[in-house]
Each structure stands twice: as structure tokens, then as C-alpha cells.
Amino acid sequence: MTFSTVLILCAAIFLCGCTTTQQTDGGNQTPAETTAPVETTAAAAGQVITVYHAGSLAAPFEELEKQYETAHPGVDVRLVPGGSTKLVKDITDLGKSADVFASADYTLIPKLMMPGSADWYVTFAKNQIVLCYTNKSKYAGEISADTWYTILEKPDIAWACSDPNIDPCGYRSLMAIQLAEQHYGNDTIFDRVVSEHSNITVTEENGTYTILATSPEPKDTFQIRPKSVELVQMLQNGGLDYAWEYRSVAAQNGLNFVELPEAIDLSSVTYADDYAKVTIETAGGLMTAKPIVYGATVPKNAENPEGGLAFVQMLIGSEGQAVMDAQGQPPIVPAGGFGTVPAGLKALTASP
């Protein structure tokens, strides 16, 4: 089946009145604007599509790359993984060109890219924070959803998260640790696990907790690495006992993990108001805890915007949904559409 045929079928299904459940992100959606009269065309042979994406999207995007290039012979999809905050800064501050930007935190797009570097975005997948380990990790037989923070306090273990200043998984990991205080009724957890082993502190005002993480300086049992995916190899090689990751990354790499309560793991819109009581000050600005939702756009500086748009169409269409689901990242069906959504995506998205 050709790519154009897929688009026609998707539009036909949409117009026939099929319904799906619209996803919400805990009250952080912004009103959609008038759809731009932009049409897309199938990617032509010889094109290059440069895709900047969150490191946690590596596995599903590698599969999408294969499927896209198979469907479009001669097209070269080039994947550039990294921390979402760093990648968006590469685009907005350094002027690096990307045909697609896919972020582990959709809010980076409206906050840091719109209106200067992007006109629209889609939300396409969800995730949750987990604490990973292996059978060789110290105290692996004792760790659980009730004991994990006591294990991280022990002086003879090594644990890590990614850099909260360049990777959303990093600041979400710290948010989860702070949220644990309210869930377990223990207001010493963050200090004992994080602050005593770093320069990261927390302040509280009117029931809102702000984590100060611009200069983390970890030490002792606590380590920080630029990207969350770098921690996987360290775990597998025995360099770490525990590491904070997205559930999808843990599942893709066969890691053991502690599945945290929903009140902590940033997975549920039910707890959106509770999550929002935790914020974190990073080099990318002040971030508020919210359900984990991935977003994508075609930046204004794209060298191949039509190719980028075609890739996003596959990402939020049935093929992309199947790939995301198989890789442990539940797709949002239909994808959310925000801003001046191109006409070529309108049939595949739902606006608030």
C-alpha cells in the first residue's frame, strides 16, 4: 500500500464517524488554532529526513526508520538521539536544523519553541518512571515499591539518574523522589537520598515544593550521566546498582525494575494535581511535574519540512501506534493536536 493511500484511508475512517477516547494531560493543554492550509506529499527518493529525538525513543524510532525507508526507497532517515532539553536548545539557540523534533516532554515545544521555532505540535505517547536494577545489584532481593528509598540510602550502593538540566528523565526522576515524601508520609526521603549526596536542594512554599538542580554536583553513592539511556549499559556492566529510567527503556533492555505507585511515577492524569505540587528549577527553566507525555513537531528551520511532516504522519498513524505499543510506550490515540496543525495531520489528531 502506498503512503498516499494510507493517508486517504485514515481520512476516510475519520470522516465516517469512528470515535476514540481523547487523551488529556492533566489540564496542561492549550487551545488549538486554525488549521494551516498545508498539504504534504510522499517523500521523494534522494531525500534526507533528520529526526532529533529523545534518547528514550531510540528503539521505536529505529523501527520506524526501517519501516519508513522500506515504504520510501531512496529516502534516508537520519536519527539524532539526545536529551530533549539539549536537543531543543540545539535547534533554538544554536540554529541546528531538524526536520522532526520528538521530545520526551511535550511541554518543551510550546515553552521553548513556540512561536519562534515552531507553530504546532502533536502529543503521541505516554510513559512512566521506574527504578531499574539487575540480579547482580546489591539488595536486589530486598527492593520493592515499599523499600526502594531505604535501599538508595545505603552507603555501599551506587545509583544514578540522567542530568536534570538536559534530559527530562533526569528531572522527572528527582520529581518522583520528592513525590515519595507525600505518598509515604516521610519528609526526610529527598534529603537522605539526594541532598546529602549532592548540591540539589528543595524549598517549600504554600504546599509547593521546588527542587533546585541547576548545579547538581553529585557525590558518594549518587551519580549523574548526560542521558538516561547511558545508564542502561552501566547497570548491565555492574557499574551501577540502581538507575532511574522510563518503563519503556527498562522493558526494551530486559532490566528488572520497581514499579512505583501511580502517585509517584508520573503516569496518571488522576494524580495530575498532586504531581503539580512539585516543580524543579533547571538550566532549561522551571518545570512542573505532570503526567509523562511525548510530543513532536516539524521545526521552522527544517531543511526538508515535507519529509518531516510525512515522518510525523507515520508516527501518529496506525503504523507508528503499533510500533510504540510494541516497545512499551502506550500511544495516545488519536494523537493530540495543538497550535496551527497542518492539514495533512488533521485527520489523525484530536484537538481539545
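Strand β6 (residues 159-162) sends Trp159 and Cys161 one way and Ala160 and Ser162 the other. All four are buried. In a regular strand, side chains alternate between the two faces of the sheet. This is a predicted model.

**Strand β6 and its partners**

β6 pairs with β9 in the parallel sense, over four bridges. Within that pairing, Ala160 has Gln223 of β9 as its bridge partner. β6 also runs parallel to strand β10 (residues 242-246), joined by two bridges. Here Ala160 stands opposite Ala243.

What does Trp159 touch beyond residues up to four places away in sequence? Its contacts include Gln223, Tyr242 and Trp244. Leu152, Ile177, Val193 and Val194 are also among them, as are Thr221, Phe222 and Leu240.

Thr221 sits in the loop between β8 (208-212) and β9 (222-225). Is Thr221 buried or exposed? Its relative accessibility is 7%, so Thr221 counts as buried.

**Nonpolar cores**

Trp159 is also one of the residues with the most contacts inside the largest nonpolar core, along with Phe124, Trp148 and Trp244. That core has 90 residues. Helix α6 (residues 168-184) supplies its largest share, nine residues. A second, separate core has 14 residues, including Tyr52, Phe101, Val293 and Phe338. In soluble globular proteins, nonpolar side chains tend to be buried together.

**Aromatic rings**

The whole structure holds 13 aromatic pairs. One is Tyr68 with Phe311, a tilted pair with centres 5.9 Å apart and planes at 45°. Tyr68 belongs to helix α2 (residues 58-71) and Phe311 to helix α12 (residues 305-316), so the pair ties together parts 243 residues apart in sequence.

Elsewhere, ring pairs link Trp148, Tyr149, Tyr184 and Trp244 into a cluster. Lys154 also meets a ring: its charged end sits over Tyr139, 4.8 Å from the ring centre.

**Salt bridges**

The count comes to eight salt bridges. Three of them are tabulated here.

| Salt bridge | N to O distance |
|---|---|
| Lys89 and Asp93 | 3.9 Å |
| Asp105 and Arg172 | 3.8 Å |
| Glu153 and Arg192 | 3.1 Å |

Which parts of the chain does the Asp105 and Arg172 pair link? Asp105 is in the loop between β3 (100-103) and α4 (108-112), while Arg172 is in helix α6, 67 residues apart. Both Asp105 and Arg172 are buried.

The Glu153 and Arg192 pair joins other elements. Glu153 lies in the loop between α5 (148-152) and β6, and Arg192 in helix α7 (residues 189-193), so this bridge ties together parts 39 residues apart in sequence. Glu153 is partly exposed, at 22% relative accessible area. Arg192 is partly exposed as well, at 39%.

In the remaining tabulated pair, Lys89 is partly exposed at 28%. Asp93, at 53% relative accessibility, counts as exposed. The cut-off for exposed is over 50%, which is why Asp93 falls in that class.

Notes: Residues are numbered from 1 along each chain as its sequence is written. This is a predicted model: local features need pLDDT of at least 70, side-chain atom pairs count only at pLDDT 80 or more; totals for chains, interfaces and linings use all residues. Side-chain values use heavy atoms; hydrogens and water are left out. A nonpolar core is a set of buried Ala, Val, Leu, Ile, Met, Phe, Trp, Tyr and Cys residues joined through side-chain atoms within 4.5 Å. Buried means under 20% relative accessible area, exposed over 50%, partly exposed in between (1.4 Å probe, protein chains only). Contact means heavy atoms within 4.5 Å. Rings of Phe, Tyr and Trp (its six-membered ring) pair if their centres lie within 6.5 Å; planes under 30 degrees apart count as stacked, over 60 as edge-to-face and the rest as tilted. A charge sits over a ring if NZ of Lys or CZ of Arg is within 6 Å of the ring centre and within 35 degrees of the ring normal. Two strands pair if DSSP finds at least two bridges between them. A salt bridge is a side-chain nitrogen of Lys or Arg within 4 Å of a carboxyl oxygen of Asp or Glu.
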